[in-house]
Amino acid sequence: MKIAIAQLNPTIGDITNNAQAIIVAANEAVKQNVRLLLTPELSLCGYPPRDLLLYPGFVELMSQELKAIASQLPENIAVLVGTVETNPHATTKGQKPLYNSMALLDGGEVKQVFHKRLLPTYDVFDEDRYFEPGYEANHFTLDGVKVGVSICEDLWNDEQFWGKRSYEVNPIEELAQLGVDVIVNLSASPYTVGKQKLREAMLHHAAISYSQPILYANQVGGNDDLVFDGNSVAFNGAGEIICRGKSFETDLIVVDLDESESPILTLQRESNQEIYSALVLGVKDYARKCGFSRAILGLSGGIDSAIVAAIAAEALGAENVLGVLMPSPYSSDHSVSDAVDLVNSLGINSQKLEIKEAMTAYDTILDPMFAGTEFGIAEENIQSRIRGNLLMAIANKFGYLLLSTGNKSEMSVGYCTLYGDMNGGLAVIADVPKTRVFELCRWLNREGEIIPTNIITKPPSAELKPDQKDSDSLPDYDILDDILDRLVCQHQSSTEIVAAGHNPEVVSKVIKLVTRAEFKRRQAPPGIKITDRAFGTGWRMPIAKRLPTI
């Protein structure tokens, strides 16, 4: 039997067009004599649909469209479609109203429906808010081949691999015990750095443990703060990879279970290439799915706006990106010249707007209240807010998507200005630490200078007062980022961070800054997630709190 994996990029809620993409994939697969087509988790509505699931009409539309797909499929191909099913026991038994399901379509009908058994509730996942878990092992027989069906998290509970169990049951183990001929896993697994290596190690372990071929189908594309990387993959019963889908692209891959396919090499990727591809796809899909074709950002001559401009140019086309230079009296000559060099290197559009007169106007208006006080952070932030207002005005006037340029290090400690440089519809590098920003720029320049060298080598500065440098207010970024990784990502205590070699006073200062900046992060635009611990839908810290010693 030939099985194909349709690595799809659905738009959340666009059920009709998502259905059409499934039909197109089925028509393409049948040309290659495919008998069974796999699609990702919730491929009909896109993942994650979140509170769209609270609307009964949304769920009903999926049911109607599922039948329509079945009637339009070509002959001799069966398709597993990710969908949502109503739970008939919800009222009488107090269960959740829906199931996260896969429907088997064949012969013009919905033949069987299978329910996801393990529902994740960690990080960005909140599935038990909507779904009741399935309680039966999922399998069906097609042309004499017994196929075991699992959905995403169902795969992630192997006690031997993880050293523990997070759920009572192991659906993959149960399918193997039932004697299936092949196990398929239909997923919507978000990207984080290095995750594919972990997935493939887990799939390799499962294939060897149960001597079963395993086919893994993953969603691709950007949905709000999440990016899905695709990388669908097939393992034979010996634990060898025999087929792999593209990274960060739609794809259709075909596996012939009746033939002994040659194993392919384990994928080796440079992490900066991975991250850059994820950010480009995240910007591209966020713009497309929100109805934008052009983007705008402020260009300061600094490294953060430089990498965001490069990402935007690749995602949307250089001709669709506008960089706005907004120098103040405190801006250095090189901040303007470096920004101009970047514009020329990338081939994007640019506009220069001096903000000196606006600063003077603010000083005049505020003088009755600020008279007799010293110049400080409030005055510095006015410059950022002037720039933010100008960018928002242009974005509103001409229909641009405003991209904010703050990195994760700044977002962590609040080194950013509300209603200023935090303005935007998408925070492109909000999950990228400053040290990684430098790495990305150096990687981007590996075959030629795309980011002007002076932008990479000069000391980082907000340039809101004379001779200002980031190091005046913050530890050096290599120190800061290590502390932040330990605190934010690894949840280490201050004692553990100090024991790792950091100055106690610096650690204490950083913890206070992170804690105090929570209200800013809550008001920030969505940021593209690339790490296991991002300031997005998976970050659920209270704002008003009194933090004990940690």
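**Cavities and strands in a predicted model**

Me: What is the volume of the second largest cavity?

Reply: In this predicted model, the second largest cavity has about 40 Å³ of volume.

Me: Which residues line the second largest cavity?

Reply: Its lining is formed by Asp225, Ala430, Asp431, Gly527, Lys529, Ala534, Phe535 and Gly536. By class, these comprise 3 nonpolar, 2 polar and 3 charged residues.

Me: And how much space lies in the largest cavity?

Reply: The largest cavity holds about 70 Å³. It is lined by Ser404, Gly406, Met411, Cys416, Asp421, Met422, Ala427, Ala430, Ala524 and Pro525. That lining has 7 nonpolar, 2 polar and 1 charged residues.

Me: Changing topic: what is the strand order in the open sheet of 6 strands?

Reply: The order is β5-β4-β3-β2-β1-β14, and the pairing is mixed. β5 (109-115) and β14 (251-256) are the edge strands; each has a single partner strand, so one side of each lacks a neighbour in the sheet. From one strand to the next, the twist averages 30 degrees.

Me: How do β1 and β14 pair, parallel or antiparallel?

Reply: Strand β1 (residues 2-7) pairs with β14 in the antiparallel sense, over 6 bridges. Within this pairing, alanine 6 is opposite leucine 252 of β14.

Me: Which strands does helix α1 touch?

Reply: Helix α1 (residues 15-30) packs on the sheet and touches β1, β2 (36-38), β3 (78-86) and β14. The direction of α1 makes about 140 degrees with that of β2.

Me: And helix α2, which strands does that one touch?

Reply: Helix α2 (residues 56-72) also packs on the sheet, in contact with β3, β4 (98-106) and β5. Its direction is at about 160 degrees to that of β3.

Me: One more strand, β10: are Val220 and Gly222 buried or exposed?

Reply: Both are buried, on one side of strand β10 (residues 220-223).

Me: What do β10 and β11 form together?

Reply: They form a hairpin with 2 residues between them. Strand β11 (residues 226-229) and β10 pair in the antiparallel sense over 4 bridges, and glycine 221 is placed opposite phenylalanine 228 of β11.

Me: Which residue in the turn has a positive phi?

Reply: Aspartate 224 does, with a phi of about 60 degrees.

Technical notes. Residues are numbered from 1 along each chain as its sequence is written. This is a predicted model: local features need pLDDT of at least 70, side-chain atom pairs count only at pLDDT 80 or more; totals for chains, interfaces and linings use all residues. Side-chain values use heavy atoms; hydrogens and water are left out. On a 1 Å grid over the protein atoms alone, a cavity is a set of points where a 1.4 Å probe fits but cannot get out, and a pocket is an open set with protein on both sides within 12 Å along at least five of seven lines; lining residues have an atom within 4 Å of a point. Grid points are joined across faces, edges and corners, and a volume is the space filled by probe spheres set on the points. Ala, Val, Leu, Ile, Met, Phe, Trp, Tyr, Cys and Pro count as nonpolar, Asp, Glu, Lys and Arg as charged, and the others, Gly among them, as polar. Two strands pair if DSSP finds at least two bridges between them. Axes are lines fitted to C-alpha atoms, for helices over the stretch in contact, and angles run from 0 to 180 degrees between N-to-C directions. Contact means heavy atoms within 4.5 Å. Buried means under 20% relative accessible area, exposed over 50%, partly exposed in between (1.4 Å probe, protein chains only).
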